[in-house]
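Please read the numbered points below beside the sequence and the structure. Each point takes up one topic.

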Amino acid sequence: MKWNIGNVTIPNQVVVAPMAGVTNSAFRIICKEYGAGLVVCEMISDRGIMYKNKKTLDMMFVDPREHPMSIQIFGGTKETLVQAAKFVDQNTAADIIDINMGCPVNKVVKTDAGARWLLDPKKVYEMVSYVTDAVKKPVTVKMRTGWDEDHIYAVENALAAERAGASALAMHGRTRKQMYEGHADWGILKQVAQEIHIPFMGNGDVRTPQDAKKMLTEVGTDAVMMGRAVEGNPWILKQTQHYLETGELLAEPTPEEKVVTAKEHLHRLVELKGDYIGSHEFRGQAGYYLKGIPHSARTKVALTNASGESAMDDIFDEFLEKNEQRKARQHRIAQ
Ligand SMILES: Cc1cc2nc3c(=O)[nH]c(=O)nc-3n(C[C@H](O)[C@H](O)[C@H](O)COP(=O)(O)O)c2cc1C
């Protein structure tokens with residue numbers, strides 16, 4: 001089902017969460033090809049943008065195949081955040097600007113950025129207002145439910161973002177203190193869904209198409225945002241979109257399909273970042289593609305230690321070859 005963020009049409013209700021080190025342009029293209037309605041880039045520092053840091057500017061590259069896509073920024077002061085938002089507005093191909101209000105790590109919250117604002121709905125209102133006043137593109141906010149169990153202002157913060165002109169909101173159902181531990185609290189997300197009027201993306205522990213359906217129907221969100229479940233598993237996007245639209249479950253990818261897509265991901269990363277950086281960054285993703293595939297343990301280790309696209313390609317090809325031989329052996333035994 002189509003929906004809108006400001007004047008941007010999102011073709012379906014499956015959104016890929018921003019993930020630092022993961023949702024770069026290479027992976028975002030794959031996610032779009034595998035059915036994502038919207039993709040969000042890794043969080044980008046407002047100071048990095050202000051100082052025109054080369055690495056930061058490279059992170060804002062948008063491939064035409066990614067649209068609609070959103071660039072997420074984080075920052076701690078009005079001046080730097082507004083300047084960064086204006087830069088994204090005027091100098092990038094992003095369709096949407098997202099403000100990070102959920103990053104839990106010390107390095108970020110101690111600069112008064114990320115999840116820090118969750119302690120103060122007034123600050124949420126002010127910071128979002130500064131940004132919406134300064135840019136033309138639609139602005140969205142991604143936040144957590146609260147700081148810790150004693151400081152949960154989920155509804156207040158969501159309403160503050162809405163009043164400040166946010167065009168949509170995403171909420172991860174964990175507090176800052178929880179980091180990634182325990183469960184996402186969908187009960188709090190439900191309270192928020194009942195109070196706000198702007199489109200709401202529910203996030204946290206959506207791992208299957210059925211989870212996504214539950215998020216939409218029981219929690220009452222307008223879209224689902226999926227993070228970790230997509231790593232090494234972009235098929236989940238099409239499976240979820242298809243299930244939401246038809247109620248049917250698509251087949252799981254075969255080990256061969258997984259390896260072919262893993263190689264595609266590696267090639268795209270190398271194309272984007274060059275052989276050395278691209279292949280090293282892919283090390284962190286390779287294991288996700290092989291998760292659950294029998295006899296892949298050695299391949300995973302080999303990939304973790306490999307450097308360069310062609311070495312990694314060879315390791316994947318060797319795995320496929322052995323897999324074929326195993327299948328042929330099993331076939332002979334069965335006859
Ligand atoms: C490796 C990793 C990197 C992340 N980076 C970001 C980020 O840059 N910005 C952000 O708002 N959230 C970030 N998150 C949080 C996710 O967007 C999401 O809120 C969280 O993983 C919960 O969703 P899930 O249960 O579907 O994974 C990150 C999560 C992971 C696992």
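1. The model under review is a predicted one.

2. Helix H9, residues 209-219, packs against helix H10, residues 235-246, at an angle of about 50 degrees. Their axes are 8 Å apart. The two helices are therefore oblique to each other, and their crossing is right-handed. On the side of H9, the contact is formed by Pro209, Ala212, Lys213 and Leu216, while H10 supplies Gln239, Thr240, Tyr243 and Leu244. Sorted by class, this contact has 5 nonpolar, 2 polar and 1 charged residues.

3. An α-helix has 3.6 residues a turn, so residues three or four places apart point the same way.

4. A second pair consists of helix H1, residues 25-33, and helix H11, residues 255-273. These helices pack at an angle of about 140 degrees, and their axes are 8 Å apart. That angle makes H1 oblique to H11, and H1 passes H11 in a right-handed crossing. From H1, the residues Ser25, Ala26, Phe27, Ile29 and Ile30 meet Glu264, His265, Arg268, Leu269 and Leu272 of H11. The contact of H1 with H11 comprises 6 nonpolar, 2 polar and 2 charged residues.

5. How is the chain divided into domains? The domain assignment gives domain 1, covering 3-246, and domain 2, covering 255-334. The C-alpha centres of domain 1 and domain 2 are 31 Å apart. Domain 1 contributes 11 residues to the contact between them, and domain 2 contributes 11 residues. On the side of domain 1 that touches domain 2, there are 5 nonpolar, 5 polar and 1 charged residues.

6. Is helix H7 mostly covered or mostly uncovered? H7, residues 154-163, is mostly covered, since 7 of its 10 residues are buried. The buried residues are Ala154, Asn157, Ala158, Leu159, Ala160, Ala161 and Glu162. Among the elements that cover these buried residues of H7 are helix H6 (121-134), strand E8 (139-146), strand E9 (168-175) and helix H8 (186-195). Just after H7, Gly165 takes a positive phi of about 105 degrees.

7. Asp63 lies in the loop between helix H3 (54-59) and strand E6 (69-74). A residue is buried if 20 or more other C-beta atoms lie within 10 Å of its own, exposed if 12 or fewer do, and partly exposed in between. Asp63 has 15 other C-beta atoms within 10 Å, and is therefore partly exposed. Apart from residues up to four places away in sequence, Asp63 touches Ser25 and Ile29. Both Ser25 and Ile29 are listed above among the residues of H1 that meet H11. Asp63 and Glu156 are 93 residues apart in sequence, and their C-alpha atoms are 36 Å apart in space.

8. Tyr288 is placed in helix H12, residues 275-290. Why does Tyr288 count as partly exposed? Tyr288 has 18 C-beta neighbours inside 10 Å, and therefore counts as partly exposed. If neighbours within four places in sequence are left aside, Tyr288 is in contact with Glu231, Gly232 and Asn233. Tyr288 and Glu248 are 40 residues apart in sequence and, from C-alpha to C-alpha, 25 Å apart in space.

Terms used:
Residues numbered from 1 in each chain as written. Predicted model: local features only at pLDDT ≥ 70, side-chain atom pairs only at ≥ 80, totals over all residues. Axes fitted to C-alpha atoms, helices over the stretch in contact; angles between N-to-C directions. Helix = DSSP H or I, 4+ residues; strand = E, 2+ residues; numbered from the N terminus. Parallel < 35°, antiparallel > 145°, perpendicular 65-115°, else oblique. Left-handed = near helix turned anticlockwise from the far one by under 90°. Contact = placed C-beta atoms within 7 Å. Nonpolar A, V, L, I, M, F, W, Y, C, P; charged D, E, K, R; others polar. Domains from an automatic or database assignment.
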